[in-house]
Structure formats: C-alpha cells, structure tokens
Amino acid sequence: MFSAIARIFRTPDLRKKIGFTLGIIALFRLGSFIPAPFVDFGNVQLCLAANQGTSGLYELVNLFSGGALLQLSVFALGIMPYITASIIVQLLRVVIPHFDTLYKEGASGQSTLTQYTRYLTIALGILQSTTLITVARSGALFGTSASTECTQLITNDAWYAIMLMVITMTAGTGVIMWMGELVTERGVGNGMSLLIFTSIAALFPGSLSAIGQQQGADTLIIVLIVGVLVVAGVVFVEQSQRRVPVQYAKRMVGRRTYGGNNTYIPIKVNMAGVIPVIFASSLLYLPALLAQFNQPAAGQEAPAWVVWISNNLTGGDQPLYMAMYFLLIIGFTYFYVAITFNPEEVADNMKKYGGFIPGIRAGRPTAEYLDFVLTRITLPGSIYLGLIALIPLIAFSVIGADQNFPFGGASILIVVGVGLETVKQIDSQLQQRHYEGLLK
Amino acid sequence: MVWALESRPPCFERFRVEILQVVMQVLVGITSLLLTMLILLHKGRGGGLSDMFGGGVTSNLGASGVAERNLNRITIILGLLWISCIVVLGLITKFDTGA
C-alpha cells in the first residue's frame, strides 16, 4: 500500500497530474474566501458567527458551495449551477427529441449537448446570483430573526452595484466550470465531482469541532464511530453489483476469430448515484421557499397554510417531511435509472454483436429480462438511498446535532462516490506502468 | 515627498480614491463579461452528469490545438486580472469604511 503511494510520486506523469489537480483545488478554495465587490466582509463574518448551527433557507446549497454561499464570495454559487444545468439537460432528453438524437449521435452530438449545458450554466448563474443578492439585500439571508448587522451585508445599494455583483458572481460560476473541465482534461478524476467533493469535505472539520464544543467529547466520538460505519456501508453498497452473464458467439471474419468469450453486464445496486437525493431535497425546498416568501409583516397573523407548511414541511425532525423525503427518493431513483439505463438499447446492441444471455432469446425477451432484473435490484438500491439520506435526520436529531451534519445524506454519498472513482482512476494509471496498483 | 502627501487637503485624497474605485468597478465589469465569453468559447470537456457520479471513463477526444492553447493563455491572464481587480476593490471598500 505505502510502496504504491510512493510509486505514485515516482511516476512523473502521475505526479504532474495530481499536482495540477491539487493546485486547482487550492485555487478553488482560495476563491471561496474572496468576497464579491460591495460585500461588507466584517458584517458577513459577524452574522456567520452569530448564526452558526441555525437552519436557514440555503443549507443544502451552502453545503454544496463549501460555505462560500453565505460568505457572499466570488465563488458563492459554487458548482451548483452546473449540476442543475446538467440535470436539466439530461431530463430534457426525455422531452425534446432533438436532444435525444444528439445524445445517440456519439461523441460529436454529446459535445454539442455539453455546450448547451455550459450555456445553461451561465444562464442559471445569472438567475441564482440575482436571487442570492436580492435575498442578501433584503436581509433575509440569515433567516428573519437576524440582527441589524445581517441586514446590512451590502455596502452599496445602487443599481449598478447590484449589476456588478451579479456579473461578477456569474463570471465566478464560469471560472469554476472551466477549472472543473481543466481537471477532467489534465488532472486526475472528474473535475466537477472533485470540486463538489472539495466543497463538502471543506466543511467537515468545522462542523466536527462545533459538535465537539457544543455536545462534549463523548458525543463527538459516537458521531465519528457512526460516521466510519456509514462510510463502510456506503462503500460496500456502492461496489456491489449483479453480473448478468453474456455469451458472445464465435465469429470467423477472414482468418480471424472474434468473440466466443464470456462477459457480463454489471448492474449496480445503486445505479442512480446521488442524483435522486439531490432531486428530492431540492424539490422539498420549494414549500419552505414558498413559506418564506409569504412571511407576513411584523405584528400580523400568518395565513393558516403558511403556518401548516412551516410546522410540517420545513425541518428534518418532522415526520411528514421525513416520509415525503423517503418516498421522493425512491420515486426519483426509479425515474433516474429508467433514464440512464435503457434495456432495449442494450439488448439491441448485444444482438448486433452476436451476444446473448444464456437461456434467454436475443431481442425482446432479453430486453424484458434485463428490465426485470433492473427493476428488482433497484428496489433495495432505492430503499438504501432513502435510508442513507434519513440517517442525519433521525440519528442526529436524537443526539441533538444540527441536521446538516456532514456524515449522512447527500454529502456522504458524494464524498464516498467521488473518492472511490478518483482512487480507481489513479489505480488504472498506475497499472499502466506497474503490475500492482493501489487496490488489491 | 511625505510631507507633500500629508499636506494635501483631505477632499483631494478622497477624490482620488473614488476615481480608483470607479476605474476598478468598470474593469471588474468588463473583465467579468469577457471572462464569461471566453470560457464559453472553450470546448466543453465536462462529459455531463452521467460520469460525474460514477460512470465510464471519459475519453479525451482530440488534443488541444494551437487555438485552444492560446485561448487558455488569454483566459488565465484575464482571470488573474479579474481576481486582482476584485481584491483591490475589496481592499478599498474595507479601508474606506474603516477610516
């Protein structure tokens, strides 16, 4: 193991790639601390210290931006617009036939799709930065019960100042996107996911020390143990897959023989990854957002439905919220698996190259069989996703830690998933030169 | 020289800071717009969401040509300009409100 790590740094090519990746990550973190123009840095820091641990509207988004959002930094939006844009483009494939033909076209069509995603990212960046700055200007960024410092986050209220902030944050979003692409191109692993990984991991030490200070060392130890167990479980499930055997018929082309070998189609238990969790939590933010907008002026009664929403649908400790979260995740898992894995396409491809699943006829029966296997294996996968997402909501409301605790939900899935992928890529790079990699 | 600087009327000093501020604001605006455009000009290599959270290995088709390399260089220079303008603007705001 350690000799393998030493070998990474002795391979010049790999050393360069890892160095590049680390450099980009450092730049990304540095940018998260540079405040955007016209932001009152002192007031922002005061508010952050005062509101630590209380749940605001932007928790999840703040998590994905590594805490940069609430600091109103240049990179405040983080990687979020790009994620949203890719999800939208991916979903539009179902709705717009043009997108689907582009996707099936192969590399050139897919690069066109990527280009659309990039344009959409910038558009979303403009939209989200405008929203963020409007909220910050109205003083509601840190919740309605904030002190006077929190309502004066922006030093200049003029229209050109607001415009300038929007433009700057949008450019920041673009820069992040570019940095991610650079890492994908010249570094190790997938750049975008590494940047999300960085943002989430950056919040770990802070929230751990907060728990240690507020609840004492024994709670901290319990939390750490639970965290390690959860990580082990997630790694186990992420790696588990069902292998559907495929036999290829032997073909003679000229004097060469092709095929005739046994392979398998790997069907992962959790094929959808973290995306269902992200979908479900962003959908569940809508009611809270609605309630926020319909907050009555001081001294007036709130409408009954607003009270109902804030009593039932805003916090992680409310049963209705948990149930809806769980069900939404299961639904979205099936939905997303249906989008990403098309049994008919796979069956068609297999038929074309003379492959078949032993005991099942090629063509439609194969597609039906694959669909059956996929549907069956997705059930435990989706329940697993739902449970993982509920861990912080249940376990830590028992202990009393705040609900966006890092060891659970979307963050743990992302961190483990990205970590595994990156290690695998380094490993395959190592194996190009030596027989042994990092993983045995 | 030091004496000369100190003897200037404070309103003049204030005026100079304001000019610098306006120049920096304009610069930040222009560089932000240009930077966004330049980044959109790059060829996307994101690969989309499917390989973002565990998927196949992205194949890097086509080496970057001369145009792409020049574009990279320009983008980096512009990015440095952009970030330094923002930092200067932030410093001005800080000392302005502090003083």
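In this predicted model, A:Thr11 is buried, with a relative accessible area of 6%. That value falls under the 20% limit for a buried residue. A:Thr11 sits in the loop between helix 1 (2-10) and helix 2 of chain A. Its contacts, apart from neighbours within four places in sequence, are A:Leu430, A:Arg433 and A:His434.

Two packed helices are described by the angle between their axes and the distance between the axes.

Helix 2 of chain A contributes A:Thr21, A:Ile25, A:Phe28 and A:Arg29 to the contact. These residues meet A:Leu194, A:Leu195, A:Thr198, A:Ser199 and A:Ala202 in helix 9 of chain A. By class, the contact between the two helices has five nonpolar, three polar and one charged residues.

Chain A also holds an open sheet of three strands. The strand order is 4-1-5, and the pairing is antiparallel. Strand 4 (262-268) and strand 5 (355-356) of chain A are the edge strands. Each of them pairs on one side only. Strand 1 of chain A covers residues 241-248. Two bridges join strand 1 to strand 5 of chain A, and these strands run antiparallel. A:Gln247 has A:Phe356 in strand 5 of chain A as its bridge partner.

Conventions:
Residues numbered from 1 in each chain as written. Chains lettered and ligands numbered in written order. Predicted model: local features only at pLDDT ≥ 70, side-chain atom pairs only at ≥ 80, totals over all residues. Heavy atoms only, no water. Contact = heavy atoms within 4.5 Å. Helix = DSSP H or I, 4+ residues; strand = E, 2+ residues; numbered from the N terminus. Nonpolar A, V, L, I, M, F, W, Y, C, P; charged D, E, K, R; others polar. Buried < 20%, exposed > 50% of the residue type's maximum accessible area, 1.4 Å probe, protein only. Pairing = 2+ DSSP bridges.
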